[in-house]
Amino acid sequence: MHLEGTVLVGRDFEPVEGRVVVADGEIVRIEEASVESDAVILPAFVNAHTHIGDSIAKEAGEGLSLDELVAPPDGLKHRLLRDADHEEKVAAMARTLRYMEATGTGTFLEFREGGIEGVNALRDALAGEGVPFGERAIESVVFGRDDPDVLSVADGYGASGARDADFDAVRAATREAGKPFGIHAGERDADDVNAAMDLDPDFLVHMVHAEPIHLERLADRGTPVVVCPRSNLVTNVGVPPIRELNKRTTVALGTDNVMTDSPSMFREMEFAAKLSDLPAREILRMATVNGAAIAGLNRGVVEPGADADLLVLDGDSDNLAGARDLVRAVVRRAGQADVSRVVIGGEPVVPRGD
Ligand SMILES: [Zn+2]
């Protein structure tokens, strides 16, 4: 198959008029040509940090502090997750997966609570188990927790935070299994950052309270950071120093808990762009190729050999028509209503009539 329009090519998202040719789930080539299409073709998003299990509790817990909301074991989220049965959780996650596809996300890195059973619930949602609209195409990278044996089913380990437990043994087991280890750090304050970095994680999440010493350590080790600025605003912990982090290491964007924020990468990009005032290209990298790099995936970029995960926007929508800078318009302005197609693994996912 091929897609026609203005293609945002490579890591710099250089607009090129022409075609993207796809075969066997891969981008084969980009042909420069004059085409009759207002479509804008870019990589599908990689949402680098989610907790979609709390899709059962959207907008719960107004006015609660971060710890009251999400701290294990008895934060509101964990109580609600314990109280919900398997079918309810699977159905709620399946709705979220469909929404993420519809808003252009091809891949997500999920921190899943609840050990092996928690990971299996997400796999059931992806497989459409007991869900009226069936299997989803969106691809998951699942980080389990709460049980060292979770590594038998998860793609990696996602630790809640260095102050919650001693993670040395599970860190070693994760390395042994050849899987990635990620951990929340510096969300509420800076106290858990050094301990998290001492675990030599493959990536850190949040780093709202990164201090100069932490920034130096990040730069030395090249440890990537996933930032979730909307979530941090909602939980009232401040906002991450995106510019400072971006100067020193790979930064990716995540939407964090579905309980507090809709998992739309359009919304996260717009917020991160306007908060940091970084160039739009930097923000679009954070929403695509940087998250893919953290997960060790060859996607999030339109170039030959990359996985064919593509997002097609209608450049002639009422919202986008007349844009003088396409990348800036995509990052700071575009939304779900501008989506005309989503392709994951070379297969069209949106529209698909469900
Ligand atoms: Zn998180």
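How many bridges join strand 4 to strand 14, and in which sense do the two strands run? The views below come from a predicted model, and the first one gives the answer.

**View 1. Strand 4 with its partner strand 14.** Five bridges join strand 4 to strand 14 (residues 310-314). The two strands run antiparallel.

**View 2. Strand 4 with its partner strand 1.** Strand 4 covers residues 39-43. Strand 1 covers residues 2-9 and pairs with strand 4 in the parallel sense. Two bridges hold this pairing. Look for T6, which stands opposite V40 in strand 4. Is strand 4 mostly covered or mostly exposed? Strand 4 is mostly covered, as five of its five residues are buried.

**View 3. Helix 3 crossing helix 4.** Two packed helices are described by the angle between their axes and the distance between the axes. Here helix 3 spans residues 86-102, and helix 4 spans residues 115-127. Their axes come within 8 Å and cross at roughly 55°. That angle makes helix 3 oblique to helix 4. The crossing of the two helices is right-handed.

**View 4. The contact of helix 3 with helix 4.** Which residues of helix 3 meet helix 4? They are H86, V90, M93, A94 and L97. On the helix 4 side, the partners are A121, L122, D124, A125 and L126. Sorted by class, this contact has eight nonpolar residues, one polar residue and one charged residue.

**View 5. The cis peptide bond from P72 to P73.** Where does P73 lie? P73 is found in the loop between helix 1 (66-70) and helix 2 (76-83). The peptide bond from P72 to P73 is cis. Its omega is near 0°.

**View 6. The cis peptide bond from V350 to P351.** A cis peptide bond also joins V350 and P351. Here omega is about -5°. P351 is found in the segment after strand 16 (347-350).

**View 7. F13 and its positive phi.** F13 sits in the loop between strand 1 and strand 2 (14-23). Its phi is near 55°, a positive value in a residue other than glycine. Is F13 buried or exposed? F13 has 1% relative accessibility, so F13 counts as buried.

**View 8. D256 and its positive phi.** D256 is placed in strand 13 (residues 256-257). Phi of D256 is near 60°, a positive value in a residue other than glycine. D256 has a relative accessible area of 1% and is buried.

Notes: Residues numbered from 1 in each chain as written. Predicted model: local features only at pLDDT ≥ 70, side-chain atom pairs only at ≥ 80, totals over all residues. Heavy atoms only, no water. Axes fitted to C-alpha atoms, helices over the stretch in contact; angles between N-to-C directions. Helix = DSSP H or I, 4+ residues; strand = E, 2+ residues; numbered from the N terminus. Parallel < 35°, antiparallel > 145°, perpendicular 65-115°, else oblique. Left-handed = near helix turned anticlockwise from the far one by under 90°. Contact = heavy atoms within 4.5 Å. Nonpolar A, V, L, I, M, F, W, Y, C, P; charged D, E, K, R; others polar. Buried < 20%, exposed > 50% of the residue type's maximum accessible area, 1.4 Å probe, protein only. Pairing = 2+ DSSP bridges.
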